[in-house]
Amino acid sequence: MSNVEAAYRAGPGSKLSVDKAFYNSLKGTEAKRTLVDTIKIPMRSGKAWEVPAGHIFRIRVSEGPQVGDFNMWNKHDPRERMWASRSRQLQRAHVSTHDRLWSTLPFLRPMVTIIDDSLADYGQDAEGGEFMIY
């Protein structure tokens, strides 16, 4: 299932095209970043936090296999929010490095670009678990 291609493909000059060199430079050790905060979210709970435009955030599983829901909203206009089904169409169900998570209509723009993926080689576990957008 993880080999299923996106419904739409990026071509030269396409809105789906990603500047891979730019995003790769953000994850390198030469990138100058400052840790602003660390939030630990206990199992079976939730947390909202603000990520200003242009900032980087990391989601990391700290202990054992986990399942989590992830949603985004535009702080200045909560009508714009992550659109999982459109992200799946424009990218793929199993998002990874350089994929984007897109917002709802009428905005339809990338809200996040994934710059690294520590689960890229995870594959599927014995219970059928994978990293994917539902």
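User: Is Val 51 buried, partly exposed or exposed, and why?

Analyst: Buried means under 20% relative accessible area, exposed over 50%, and partly exposed in between (1.4 Å probe, protein chains only). Val 51 is partly exposed because its relative accessible area is 32%. This is a predicted model, where local features need pLDDT of at least 70 and side-chain atom pairs count only at pLDDT 80 or more, while totals for chains, interfaces and linings use all residues. Residues are numbered from 1 along each chain as its sequence is written, and side-chain values use heavy atoms, leaving out hydrogens and water.

User: Thanks! How many salt bridges does the structure hold?

Analyst: Side chains of opposite charge can pair when their charged atoms come close. The criterion is a side-chain nitrogen of Lys or Arg within 4 Å of a carboxyl oxygen of Asp or Glu. The structure holds five salt bridges. One of them joins Arg 109 and Glu 80 at 2.7 Å, N to O. That pair links distant parts of the chain, 29 residues apart.

User: Are Arg 109 and Glu 80 buried, partly exposed or exposed?

Analyst: Arg 109 is partly exposed, at 41% relative accessibility, whereas Glu 80 is buried, with a relative accessible area of 2%.

User: Which residue pairs with Asp 99 in a salt bridge?

Analyst: Arg 92 does, at 2.8 Å from N to O. Asp 99 counts as buried because its relative accessibility is 8%, while Arg 92 is partly exposed at 28%.

Note on methods
Helices (H or I, at least four residues) and strands (E, at least two) are DSSP runs, numbered from the N terminus.
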